[in-house]
Amino acid sequence: NYRYGGFISSDYRKKVALDISLNHRVFNENNRNTFNIHVSPRWRVNNRLSFVYDTHYEDRVDDIGFVHYDFVGDTITLGRRNLQTISNTLSGVYKFTNKMSLSLRGRHYWSRATYYGYYNLEKDGSLTEYKHQDSHDVSFNAFNIDVVFFWQFAPGSELNIVYKNAVLKSENAI
């Protein structure tokens, strides 16, 4: 496979900074390729408070991925699929001192897989086409909130108090 891309980042010492990356990966297999873009603006309110918004988009075309394991027949089913993923994260951190901070992060993750071919994984690692009747298309959503209090109270010793909450939903309807 071949991968090419680029990354640019501005000066974090400024009030506003920006990171951008772009990548494309082409595989020597059917029409398989991956494209992703990542954009992350940053805002430093002052030396104690800062915010970062991070967005990431990825498109995988003609990807092969796990579908199902049949315990009775000891068979693994893989599927040829198109996979799209979008992730958005907003985070903020307040630094009380250089050894104590409080951060808050909210993240929404969405991914959908659309299958158009199924295969059995053989013992020798090869794939054989499998006429599968059921659709395994899936849409997955996750929303997470994290709050972290960090305190380095001695060299090499730190205390982290963490609160995490997540709402997840996975369904076959795209």
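Strand E1 and strand E2 (residues 16–26) pair in the antiparallel sense over 8 bridges, where strands are DSSP runs of at least two residues, numbered from the N terminus, and two strands pair if DSSP finds at least two bridges between them. The model is predicted, so local features need pLDDT of at least 70 and side-chain atom pairs count only at pLDDT 80 or more, while totals for chains, interfaces and linings use all residues. Residues are numbered from 1 along each chain as its sequence is written, and side-chain values use heavy atoms, with hydrogens and water left out.

**Strands and hairpins**

- Strand E1 covers residues 2–9, and because the number of its 8 residues that are buried is 0, this strand lies largely in the open; here buried means under 20% relative accessible area, exposed means over 50%, and partly exposed lies in between, with a 1.4 Å probe and protein chains only.
- E1 is joined to E2 by a hairpin of 6 residues, and in the pairing of these strands Arg3 has Arg25 of E2 as its bridge partner.
- Strand E3 (residues 33–44) runs antiparallel to strand E4 (residues 49–70), with 10 bridges joining them, and a hairpin of 4 residues connects E3 to E4.
- Across this pairing, Ile37 stands opposite Tyr57 in E4.
- E4 also pairs with strand E5 (residues 75–97), in the antiparallel sense and over 19 bridges, and Ile64 has Arg80 of E5 as its bridge partner.
- The hairpin formed by E4 and E5 has 4 residues between the strands, and in its turn Asp74 has a positive phi of about 50°.

**Nonpolar core and nonpolar patch**

- The largest nonpolar core is made up of 5 residues, namely Val67, Leu83, Ala113, Tyr115 and Tyr118; such a core is a set of buried Ala, Val, Leu, Ile, Met, Phe, Trp, Tyr and Cys residues joined through side-chain atoms within 4.5 Å.
- Strand E6 (residues 100–121) gives the most to this core, with 3 residues.
- On the surface, Leu104, Phe143, Ile145, Tyr163 and Val167 form a nonpolar patch whose accessible area is about 480 Å² together, an area that comes from the Shrake-Rupley method with a 1.4 Å probe, counting only the protein chains shown as cover for residues.
- Patches are made of residues with over 30% relative accessible area and no salt bridge, with nonpolar side chains (Val, Leu, Ile, Met, Phe, Trp, Tyr) joined within 5 Å and like charges within 9 Å.
- Strand E8 (138–154) and strand E9 (157–171) each supply at least two residues of the nonpolar patch.
- Tyr163 has its place in strand E9, and this residue counts as partly exposed because its relative accessibility is 46%.

**Aromatic pairs**

- The whole structure holds 6 aromatic pairs, where rings of Phe, Tyr and Trp (its six-membered ring) pair if their centres lie within 6.5 Å, and planes under 30 degrees apart count as stacked, over 60 as edge-to-face and the rest as tilted.
- One of them joins Tyr69 and Phe71 edge-to-face, at 4.7 Å centre to centre and with 90° between the planes.
- Tyr69 is partly exposed at 25% relative accessibility, whereas Phe71 is exposed with a relative accessible area of 71%.
- The rings of Tyr109 and Phe140 have centres 6.1 Å apart and planes at 65°, so this pair is also edge-to-face.
- Because Tyr109 lies in strand E6 and Phe140 in strand E8, the pair ties together parts that are 31 residues apart in sequence.

**Salt bridges**

- The whole structure has 12 salt bridges, each being a side-chain nitrogen of Lys or Arg within 4 Å of a carboxyl oxygen of Asp or Glu.
- Arg13 and Asp11 meet in one of these, at 2.9 Å from N to O; Arg13 is exposed at 66% relative accessibility, whereas Asp11 is partly exposed at 28%.
- Arg80 forms a salt bridge with Glu29, with the closest N and O atoms 4.0 Å apart, and because Arg80 lies in strand E5 and Glu29 in the loop between E2 and E3, this pair ties together parts that are 51 residues apart in sequence.
- Arg80 also meets Asp62 in a salt bridge of 3.1 Å, N to O, which links Asp62 in strand E4 with Arg80 in strand E5, 18 residues apart.
- Arg80 is buried with a relative accessible area of 11%, Asp62 is buried with 5%, and Glu29 is partly exposed with 29%.
- A network of salt bridges links Glu29, Arg32, Asp62, Asp63, Arg80 and Arg81.
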